[in-house]
Amino acid sequence: MTSFKTIPLLAAMLLAIAGSSLDAEAKDEGKSVGKENMGSESAKPHFKPTGKPVSAARGEAIFMDHCALCHGIYGKGDGPRSAYFVPGGQYIPDMTVAQVLAGRDKELIENIREGLHRLPEPSYVMPQFKYILSDEEIRSVLAYVKTLPARAAKK
Ligand code: HEC
């Protein structure tokens with residue numbers, strides 16, 4: 001009688017073994033796909049285009065998420081990170097000054113996309129956002145940034 005009891009147990013063990021080897025195969029497949037993509041020319045940016053219209057209101061939320069850390073919530077260059085700036089050695093624009101931004105849209109979009117490092121380390125550099133923000137998001141955040149001088153004047 002004991003042999004009848006062990007049959008379901010054996011079956012369960014076999015299933016468990018088969019299951020785990022299937023898992024392992026699935027994982028291996030994942031790995032090889034990853035390796036093929038590494039360093040390949042066709043690697044794609046991680047964001048999806050939003051398809052939304054450019055909007056300064058959306059830009060404000062993007063600014064608070066991605067830019068205020070360094071630039072400060074009003075764009076004066078006094079975000080929380082500024083506590084770590086090299087004393088006297090860090091350049092960061094005061095974006096409440098209209099002349100800093102006026103008439104340079106094309107250049108500013110390019111600089112937000114590609115980042116900037118005019119100063120050597122350990123100064124803070126401007127990170128690139130081309131893999132983080134879509135084209136619409138970059139244009140939206142710039143539209144918001146350009147409202148900063150008027151906002152500062154109102155305060
Ligand atoms: C890690 C800190 C940091 C973050 C985050 C950051 N910036 Fe900057 N940004 C800088 C620094 C530093 C400079 C000045 C860099 C230089 O001139 O070399 C700068 C420069 C700029 C400029 C002026 C560029 C020019 O051509 O004069 C603009 C516009 C700007 N940032 C917008 C943004 C926007 C928009 C975001 C968010 C999407 C952002 N930054 C996020 C640090 C940062």
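I started at Lys52, which touches Arg58 and Glu136 once residues up to four places away in sequence are left out. Contact here means that the C-beta atoms, placed from the backbone, lie within 7 Å. Lys52 is found in the loop between helix H1 (2-37) and H2. Helices are DSSP runs of H or I with at least four residues, strands are runs of E with at least two, and both are numbered from the N terminus.

Is Lys52 buried or exposed? Lys52 has 11 C-beta neighbours inside 10 Å, so I log it as exposed. The cut-offs: buried is 20 or more other C-beta atoms within 10 Å of the residue's own, exposed is 12 or fewer, partly exposed is in between, with C-beta atoms placed from the backbone. I also checked Lys52 against Glu137: they are 85 residues apart in sequence, and their C-alpha atoms are 8.8 Å apart in space.

A note on provenance: this is a predicted model, where local features need pLDDT of at least 70 and side-chain atom pairs count only at pLDDT 80 or more, while totals for chains, interfaces and linings use all residues. Residues are numbered from 1 along each chain as its sequence is written.

Next I looked at H2 (residues 56-66), where Gly59, Ile62 and Phe63 are buried. Down the axis of H2 these buried residues fall within an arc of 105 degrees, so they line one face of the helix. The arc is taken over the directions from the helix axis to the C-beta atoms. The buried residues of H2 pack against helix H3 (68-71) and H6.

Then I turned to H5 (residues 105-114) and H6 (residues 135-145), which pack at about 120 degrees with their axes 10 Å apart. Axes are lines fitted to C-alpha atoms, for helices over the stretch in contact, and angles run from 0 to 180 degrees between N-to-C directions. H5 and H6 are therefore oblique to each other. Which residues meet there? From H5 I get Asp105, Leu108, Ile109, Ile112 and Arg113, and from H6 Ile138, Arg139 and Leu142. By class, that contact has five nonpolar, no polar and three charged residues.

Last, the whole chain: I find seven helices and zero strands. Of its 155 residues, 14% count as buried. Among contacts between residues at least 6 apart in sequence, 62% join residues at least 24 apart.

Note on methods. Contact = placed C-beta atoms within 7 Å. Parallel < 35°, antiparallel > 145°, perpendicular 65-115°, else oblique. Nonpolar A, V, L, I, M, F, W, Y, C, P; charged D, E, K, R; others polar.
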